[in-house]
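I opened this structure to look up its aromatic pairs, its nonpolar core and its backbone angles. My notes follow.

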Amino acid sequence: MHSITALILAIAITSVTAAQWGNICSSQPANRVRGCDRHGCGGYNNPRSWGRKHKGVDVVCEDGSTVYAPFTGTIDKQARPYGNGNAVDNGVQLSGAGFCIKMFYIRPVKYRGSIQQGEKIGVMLPMQSVYQGITSHVHIQNCDLTDPTPNL
């Protein structure tokens, strides 16, 4: 009897942890992963230059769109993808609900504090000004660099 109770509890915990994230971008009704364009492909583990692999996913989002918190938690800190100060070198690290992620190419409304799923956390930066012709997107990567795609 105890083993059945433990199994049910384990399934319930797994279901909560594997919950889908909310919508990320106001210009997209669903969290659509960027396909391939002349700048590369937006899926997890897609090839990058110098033999690297893409350790995140690119969620399509038009420049200037509102970006939302995918889950309830905390904005932990600023997270910059390049550190070079270009027009899209900004983002945040979020944690909560069993997740830790970085979201790049956004201008955050704040760099610390509580957030609710679906709350505005920023605005999509002008990706076209840096990478003309790319499909504009928010880059999302898990802090442990595992595949975030199942949560989308």
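I searched the whole structure for aromatic pairs and got 5; rings of Phe, Tyr and Trp (its six-membered ring) pair if their centres lie within 6.5 Å, with planes under 30 degrees apart counted as stacked, over 60 as edge-to-face and the rest as tilted. One of them is W21 with F99, edge-to-face at 5.3 Å centre to centre and 85 degrees between the planes. W21 is in the loop between α1 (2-17) and β1 (36-37), F99 is in strand β7 (residues 99-104), and 78 residues separate them. Helices (H or I, at least four residues) and strands (E, at least two) are DSSP runs, numbered from the N terminus.

This is a predicted model, where local features need pLDDT of at least 70 and side-chain atom pairs pLDDT 80 or more, while totals for chains, interfaces and linings use all residues. Residues are numbered from 1 along each chain as its sequence is written, and side-chain values use heavy atoms, without hydrogens and water.

I checked burial: W21 and F99 are both buried (under 20% relative accessible area; exposed is over 50%, partly exposed in between; 1.4 Å probe, protein chains only). Ring pairs join W21, F99 and F71 into a cluster.

Next I looked up the largest nonpolar core, which has 29 residues (buried Ala, Val, Leu, Ile, Met, Phe, Trp, Tyr and Cys joined through side-chain atoms within 4.5 Å). β7 gives the largest share, 4 residues. V138 is among the residues with the most contacts inside this core.

Last, I noted that phi of W50 is near 60 degrees, a positive value in a residue other than glycine. W50 counts as exposed because its relative accessibility is 80%.
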